[in-house]
Amino acid sequence: MSLFGIGRNQRTFRPKKSAPSGSKGAQLRQHIDATLGSGNLREAVRLPPGEDFNEWLAVNTVDFFNQVNLLYGTLTEFCTPENCPTMSAGPKYEYRWADGVQIKKPIEVSAPKYVEYLMDWIESQLDDESLFPQRLGAPFPSNFKDVVKTIFKRLFRVYAHIYHSHFQKIVSLKEEAHLNTCFKHFILFTCEFNLIDKKELAPLQELIESIVPY
């Protein structure tokens, strides 16, 4: 099995999503790659001058979805229903799943089941062209930022679970530097555009304050 769990659990680790070639998203992704390459994460999250805010949110949402998939993919053999019977972030925080459509009342599920539901749900959002238009110049919905905020709030819960339940395993895999960099990028972007309410960030508050002092 490779480090990122390819082939072990296709339901959780899924193919990388990308913007269509030649689209505005692909141009913005090149900008992200260039600024990330400079090592300046604060600069990398800023809206490039003259660019569309919603396009910037959309491209980064896909990228963060891919990042979390990769990170969680390293843990699929350790994050099991037996080891993680609930989706928790320490003793004080437990997350229940509901998508408002197929599951309207929040249900208690294991951490791997929660992540599976979540990734399926996000993928369906990203594939919905009424929410994430693929054609250049196609309009975004008026509530687009709210859609993105819900995705980010739920992606944060995966980070919170990883840090609280699996950090020692990440260290043993020598992946902690990568995890910390990905999380720092995620939090800087989240704070730049106010995408997650402060109370939702409480499970990792100390870590976040070391990245973005309030």
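This briefing describes the fold, helix packing and selected residues of a predicted model. The chain has seven helices and two strands. In order from the N terminus, the elements run α-α-α-β-β-α-α-α-α. Of its 214 residues, 49% count as buried. Among contacts with a separation of 6 or more, 71% are between residues 24 or more positions apart.

**Packing of helix 4 with helix 5**

- Helix 4 spans residues 111-127 and helix 5 spans residues 144-172; the two pack at an angle of about 155°, with axes 11 Å apart.
- Because angles over 145 degrees count as roughly antiparallel, helix 4 and helix 5 fall into that class.
- Their crossing is left-handed.
- On the side of helix 4, the contact is made by A111, Y114, V115, L118, M119, W121, I122 and Q125. Helix 5 contributes V147, T150, I151, R154, L155, R157, V158 and H161.
- Sorted by class, the residues in the contact of helix 4 with helix 5 are 11 nonpolar, three polar and two charged.

**Packing of helix 3 with helix 4**

- Helix 3, residues 53-73, packs against helix 4 at an angle of about 155°, and the axes are 12 Å apart.
- Helix 3 is therefore roughly antiparallel to helix 4.
- The crossing of helix 3 and helix 4 is left-handed.
- Helix 3 makes the contact through T61, V62, F65, V68, N69 and Y72, and helix 4 through A111, P112, V115, M119, I122, E123 and L126.
- The contact of helix 3 with helix 4 comprises 10 nonpolar, two polar and one charged residues.

- Y159 is found in helix 5. With a relative accessible area of 1%, Y159 is buried, because the limit for that class is under 20%.
- Beyond its neighbours within four places in sequence, Y159 is in contact with Q67, V68, L71, L179, C182, F183, F186 and L204.
- The C-alpha atom of Y159 is separated by 8.7 Å from that of Y72, although the two residues are 87 residues apart along the chain.
- Q67 lies in helix 3 and counts as buried at 18% relative accessibility.
- Apart from neighbours within four places in sequence, Q67 is in contact with Y159, C182 and H185.
- C182 itself counts as buried, at 6% relative accessibility.

**Cysteines**

- The structure holds zero disulfides. For C84, which is in no disulfide, the nearest cysteine sulfur is that of C79, 3.8 Å away.
- C84 counts as buried, with a relative accessibility of 6%.

**Loop residues**

- P133 is placed in the loop between helix 4 and helix 5. At 16% relative accessibility, P133 counts as buried.
- Not counting residues up to four places away in sequence, P133 touches A138, P139 and F140.
- P133 and E55 are 78 residues apart along the chain, and their C-alpha atoms are separated by 9.3 Å.
- K174 lies in the loop between helix 5 and helix 6, the latter comprising residues 176-192. Its phi is near 60°, a positive value in a residue other than glycine.
- K174 is exposed, with a relative accessible area of 71%.
- N194 is in the loop between helix 6 and helix 7, where helix 7 covers residues 205-211. N194 has a positive phi of about 55° although it is not a glycine.
- N194 counts as exposed, at 53% relative accessibility.

Definitions and conventions. Residues numbered from 1 in each chain as written. Predicted model: local features only at pLDDT ≥ 70, side-chain atom pairs only at ≥ 80, totals over all residues. Heavy atoms only, no water. Disulfide = S-S within 2.5 Å. Buried < 20%, exposed > 50% of the residue type's maximum accessible area, 1.4 Å probe, protein only. Axes fitted to C-alpha atoms, helices over the stretch in contact; angles between N-to-C directions. Helix = DSSP H or I, 4+ residues; strand = E, 2+ residues; numbered from the N terminus. Parallel < 35°, antiparallel > 145°, perpendicular 65-115°, else oblique. Left-handed = near helix turned anticlockwise from the far one by under 90°. Contact = heavy atoms within 4.5 Å. Nonpolar A, V, L, I, M, F, W, Y, C, P; charged D, E, K, R; others polar.
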